[in-house]
Structures are given as C-alpha cells and as structure tokens.
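Biologist: Could we go through this structure together, one part at a time? I would like to begin with a single residue.

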Amino acid sequence: MELIKESRNWDLRSDTVTKPTAEMLSRMMEAQVGDDVFGEDITVKGLEQTVAKLCNKQAALFCVSSTMSNQLAIRTHITTAPASLIVHRNSHIFQYESGGASLLTQAMMVPVLPGSTINLTKADVEKSVIPDNFLYHKAPTKLVCLENTFSGVVMPLEDIEQIAEMSHGREIPVHMDGSRLWNASVATGISLATYANHVNSLNLCLSKGMGCPVGAMLVGSSEFIDRARHFRKVFGGGWRQAGVLAAAGLYSIEKIWPTMEESHRLARKLADGFVEMGFILALPVDTNMVILSKGKQFSDQDFTKLAGELKPKGIVLGLPYEGSVRIVVHHQITDDCIDSILQSARSLSSV
C-alpha cells in the first residue's frame with residue numbers, strides 16, 4: 001500500500017490541524033495490535049507505560065480526546081453528590097467541553113477569573129473553596145482543575161505547588177488539564193514528572209502540538225486509572241485494535257516532541273513582527289500561540305482581509321473572535337510561512 005503523499009500544511013487556526021507525516025503513517029501501519037478492551041493491545045500498553053513513566057505516575061489510560069480524558073478525571077475524582085469543582089473562568093473544561101461536568105458527573109462548576117494574573121493563583125482558588133457542610137446550602141468543593149498551558153501561557157510552577165499544597169491540606173484533589181503541557185515542559189525545561197508530582201491526575205493531549213490524528217492520555221495512580229478505565233467504557237470510549245493510533249503517539253513522543261522549540265521560535269518571530277507593525281499582543285508568547293488584540297489601528301475587517309490575502313498562498317488563519325485573533329504554530333509550519341504572513345500584514349498596514 002502506497003502512503004499518502006505529504007503536502008504543505010500551513011494552517012494556523014490550531015495545532016489540532018496537523019496531518020500525519022509519511023513516517024508516522026508507516027509506524028501506524030506496522031503497529032502490533034490486539035483487543036484493548038481485553039487488555040491485549042501491546043502497542044496501547046506500551047504507550048500507556050511510556051507516558052506513565054514520563055510523568056512518574058503509576059498508570060496511564062489512552063483516551064480518544066482531551067475532553068474525554070478531562071471528563072473521566074472529573075467523574076473519577078468526584079464520587080458523591082452534591083459536589084462542585086473549581087475551574088478557571090476561561091478554561092477548556094468550563095468553556096469548551098459542553099458542560100460535561102454538570103451532565104456526566106452532576107457536579108457544579110465554579111468558574112474563577114484570576115484577580116491579578118493570567119493563570120489561577122492560590123489566593124484565587126482558596127477564596128473560591130466551598131467548605132463541606134455549609135449548613136447544607138451549598139455544593140462543597142471536591143476537585144480543583146488547573147490548565148497548563150492556558151492560551152499558550154505557561155502556569156508558574158510555584159503557583160501550582162501552592163494551589164496543590166492548599167488543596168491537599170483540605171483533602172481536595174487537583175487535576176491538571178495539561179493538553180499542551182508538552183509545550184510548557186519544553187519552554188521551561190521543567191519535566192513532565194515535576195509538574196505531575198503536584199497533581200493527582202493529569203491530561204496530556206496527543207492530537208494538538210504532538211501531531212497525532214487522535215488521542216490523549218490520562219495519568220494517575222493505579223487505583224485511579226483502574227476506576228477511570230471503567231468509566232471510559234461507560235462513556236463509550238472502550239476501543240479494540242487501538243494500537244494503530246497508539247503507534248502515532250509513541251512516534252510523536254520520539255520524533256515530534258523534541259522539535260517543539262522550533263514551533264516556539266516561529267511563534268516568537270511572528271509575534272515580534274506583528275508588534276513592530278503596531279499590533280497588540282493580548283497575552284505573552286511563552287510557547288506556540290500568538291494572541292493578537294484588536295486595537296484602534298486594526299479592526300475585524302483588517303484581520304479578515306489579511307486572512308483573505310493569505311488564502312491563495314495556502315495559508316489559513318482563524319477569524320477574529322471575541323476581540324482577538326489566535327494564531328497557533330505547529331511542527332508543520334515553516335519560516336517561509338511566517339515570512340509570508342508578515343509580508344502580507346506589512347503591505348496591508350501600510351495602505
């Protein structure tokens with residue numbers, strides 16, 4: 001069987017739009033498979049063991065998506081109702097998982113907007129904790145959820161440590177949505193294991209900057225993962241010869257993760273070019289995301305026009321949303337792509 005010929009992929013709407021490389025597809029085709037529901041797929045087992053070891057956790061579970069992984073974590077941690085969980089007001093769990101915690105776990109989400117920083121701090125979380133048995137009026141806090149990175153911004157390890165210490169002191173577990181923790185680790189030099197050491201469970205996405213077509217990993221203790229595996233079956237996430245997809249995950253850890261700093265460099269190059277033209281950055285560029293704010297000089301129409309100018313060149317940008325534009329760099333973006341974007345932006349800004 002002839003592999004699909006690789007073509008240029010200059011789509012910057014997200015890092016979920018990457019396409020499997022010929023080498024990744026080859027690994028997938030050669031994967032040894034079995035029935036994962038029966039625990040017989042050795043490639044899936046290999047991926048789970050590899051990620052658990054990277055995070056210095058006892059076990060890991062291969063899931064379809066980060067949404068499933070996060071929702072499994074919430075459902076596994078929260079065993080009794082009434083209950084609530086603390087989340088960042090703009091987090092993926094709160095904004096982009098269709099209210100799953102309320103539906104699947106029957107838990108109330110308490111959205112918290114950071115007071116003075118981009119990410120949550122101990123002060124933000126502590127003042128939002130709902131004590132157990134508050135005259136039976138409220139749903140007590142049973143879980144704290146963090147997100148790292150948040151819109152490409154790395155959450156400081158010190159804040160994670162402080163939130164975890166406070167939460168664990170109240171016997172409240174902490175889950176981290178680390179969909180892009182791969183990026184945070186590369187950007188800071190802090191290992192996945194160091195981050196994971198402070199949380200009870202952790203989600204890692206394989207289909208974002210890691211370039212896989214499908215997949216996410218949930219890591220935690222053996223007991224936690226065993227229970228999560230049962231809920232995965234309830235959620236319809238038990239799969240059979242999933243080693244075909246797990247092989248892509250193993251490939252991405254070996255081949256794509258080590259190249260991630262290049263994506264970060266290109267994101268900084270793009271951001272610097274936009275700033276020189278007078279664009280305003282909505283958030284710092286710590287990793288692979290450039291979030292541009294609309295200003296007096298640049299309107300929705302300007303961004304839409306820029307996207308239209310770039311489309312014939314094979315470059316795809318997202319359109320303005322809620323006052324900003326998000327540009328996401330991944331391993332299939334090149335210097336030529338970034339140069340073309342900046343060239344078109346300069347020509348439009350000079351009109």
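This is a predicted model: local features need pLDDT of at least 70, side-chain atom pairs count only at pLDDT 80 or more; totals for chains, interfaces and linings use all residues.

Biologist: Where is Ser151 found?

Modeller: Ser151 sits in the loop between β5 and α7, the helix of residues 157-169.

Biologist: And what is the phi of Ser151?

Modeller: Its phi is positive, about 50°, although Ser151 is not a glycine.

Biologist: What about Glu171, where is that?

Modeller: Glu171 belongs to the loop between α7 and β6. Its phi is also given as positive, near 60°, and Glu171 is not a glycine either.

Biologist: Is Glu171 buried or exposed?

Modeller: Glu171 is exposed, since its relative accessible area is 74% and the cut-off for exposed is over 50%.

Biologist: Now the pockets. How much space lies in the largest pocket?

Modeller: The largest pocket holds about 950 Å³ of space. Its lining is made of 33 residues, and those nearest the centre are Asn90, Tyr96, Ser151, Tyr321 and Arg326.

Biologist: How do the lining residues divide into nonpolar, polar and charged?

Modeller: The lining has 12 nonpolar, 14 polar and seven charged residues.

Biologist: You mentioned β10 and β12. What is the order of the strands in their sheet?

Modeller: That sheet is open and has three strands, in the order β9-β10-β12, with antiparallel pairing. Its edge strands are β9 (280-281) and β12 (324-328), each pairing on one side only.

Biologist: How many bridges are there between β10 and β12?

Modeller: Five bridges pair β10, residues 289-293, with β12 in the antiparallel sense. Ser293 has Ser324 of β12 as its bridge partner.

Biologist: Which helix lies across this sheet?

Modeller: Helix α12, residues 260-276, lies across β9, β10 and β12, and runs at about 20° to β10.

Biologist: And what is the strand order in the sheet of seven strands?

Modeller: The order is β2-β8-β7-β6-β5-β3-β4, in an open sheet with mixed pairing. β2 (59-63) and β4 (108-112) are at the edges with a single partner strand each, so one side of each has no neighbour in the sheet. From one strand to the next, the twist averages 20°.

Biologist: How do β6 and β7 run?

Modeller: They run parallel, and three bridges join β6 (residues 174-177) to β7 (residues 201-205). Met176 stands opposite Leu202 in β7.

Biologist: Which strands does α3 touch?

Modeller: Helix α3, residues 66-77, packs on the sheet and touches β2, β3, β5, β6, β7 and β8. Its direction makes about 170° with that of β7. Helix α2, residues 42-54, lies across β2, β7 and β8, at about 130° to β2.

Conventions. Residues are numbered from 1 along each chain as its sequence is written. Side-chain values use heavy atoms; hydrogens and water are left out. Two strands pair if DSSP finds at least two bridges between them. Helices (H or I, at least four residues) and strands (E, at least two) are DSSP runs, numbered from the N terminus. Axes are lines fitted to C-alpha atoms, for helices over the stretch in contact, and angles run from 0 to 180 degrees between N-to-C directions. Contact means heavy atoms within 4.5 Å. Buried means under 20% relative accessible area, exposed over 50%, partly exposed in between (1.4 Å probe, protein chains only). On a 1 Å grid over the protein atoms alone, a cavity is a set of points where a 1.4 Å probe fits but cannot get out, and a pocket is an open set with protein on both sides within 12 Å along at least five of seven lines; lining residues have an atom within 4 Å of a point. Grid points are joined across faces, edges and corners, and a volume is the space filled by probe spheres set on the points. Ala, Val, Leu, Ile, Met, Phe, Trp, Tyr, Cys and Pro count as nonpolar, Asp, Glu, Lys and Arg as charged, and the others, Gly among them, as polar.
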